[in-house]
Amino acid sequence: MNQFEAKVFVRLRPSVLDPAGEAIKSAANKLGVDGISSLRIGKLIEINIEGNKEKDIEQNIELLCDRLFANQVIENYDYFVKRLDD
Amino acid sequence: MTKFTVGIVVFPGSNCDRDVAWALNGCLDIKSKFLWHESSDLTGIDAIVLPGGFSYGDYLRCGAVARFSPLINSLNEFIRSGRKVLGICNGFQILTESGFLPGALSANKNLNFICKDVKLKISSINCDWVQNDKKNNEIVLPIAHGEGRYFCEEDTYKQLVDNDLIALEYLQNPNGSSWNIAGITNKKGNVFGLMPHPERACDPSIGGVDGIYILKALLS
């Protein structure tokens, strides 16, 4: 068995309003940081998982993203898988 | 004859389950039974209410974890049989997350938790969950949610309209919902999800009775 690390990013789809992102953008402006044209909040999910092949791990992460981590009506996802114990 | 029994699903974090039971039993003399989410035994249950609250602490997304409970899995067959399912607030979120209803619920546009009475327009003509009386197609129900902004893309909206599936619309949109949508049904008409709380409007002494029709519709 090999150890893998996966990082999953879940983001609101561009067509979905992100009111929390807008609020933080406003706070960033108050901090004196100008020029921010867009600020959107997403989620980072970190997973440590063991398995034989990277391809199998990717399949499982894809399943988790599709069925659990993201609601694809409002969210997109992408992920990166890295083998840890080379 | 066995009395018509409405199952009220209880998740860890549900907090309107008792309110629904009070409205059904105390106000409307409808028998109810609490169903723990880990059970998948729906024997003797004629209709189901998914109540409001914060199932699984709203972790990940509202309703996202609840959808994996054994009881929600057994809803497939229950719904296919034509029996009725009513999802209120968090129950509506669970129904969309589970794919029983289209669209999704996300954070209110103003980021506030909104708790107030709202005026609603009864939109659907044929849906039997609401009474579309041409002379008076407005009702008032309380809302209480932080993530009640209904979202769907235009093609889904078109399908909702073409199939007469929008049961309720906000007259003054409180949360930024797409096309003012407050409640929708499935195509078959036996699944209804809405953000407002009909169970909190079943007794004139607490401010309204416009929820009675919706809860009584569980029986039809």
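Two residues are in contact if their C-beta atoms, placed from the backbone, lie within 7 Å.

Everything here is a predicted model, in which local features need pLDDT of at least 70 and side-chain atom pairs count only at pLDDT 80 or more, while totals for chains, interfaces and linings use all residues. Residues are numbered from 1 along each chain as its sequence is written, and chains are lettered from A, with ligands numbered from 1, in the order in which they are written.

**View 1. Where chain B meets chain A.** Here, twelve residues of chain B are in contact with nine residues of chain A. On the chain B side, the touching residues split into five nonpolar, four polar and three charged.

View 2. Helices (H or I, at least four residues) and strands (E, at least two) are DSSP runs, numbered from the N terminus. From β3(B), residues 47–50, B:A47 and B:V49 point one way and B:I48 and B:L50 the other, and all are buried. Buried means 20 or more other C-beta atoms within 10 Å of a residue's own, exposed means 12 or fewer, and partly exposed is in between, with C-beta atoms placed from the backbone. Two strands pair if DSSP finds at least two bridges between them. β3(B) pairs in the parallel sense with β1(B), residues 5–10, over three bridges, and B:I8 stands opposite B:V49. With β4(B), residues 84–88, β3(B) also pairs in the parallel sense, over four bridges, and B:K84 is the bridge partner of B:A47. To get from β3(B) to β4(B), the chain goes through helix α2(B), residues 70–80, in a right-handed β-α-β crossover. Right-handed means that, with the strands pointing away from the viewer, the path from the first strand over the helix to the second runs clockwise.

**View 3. Two positive phi angles in a chain B loop.** Between β9 (166–170) and β10 (181–185) of chain B runs the loop that holds B:W179; B:N180 lies in that loop too. Phi is near 50 degrees at B:W179 and near 60 degrees at B:N180. Most residues other than glycine have a negative phi. B:W179 is partly exposed, because 16 other C-beta atoms lie within 10 Å; B:N180, with 19, is partly exposed as well.

**View 4. The end of helix α1 in chain A.** Just after α1(A), A:G32 takes a positive phi of about 95 degrees.

Key: Nonpolar A, V, L, I, M, F, W, Y, C, P; charged D, E, K, R; others polar.
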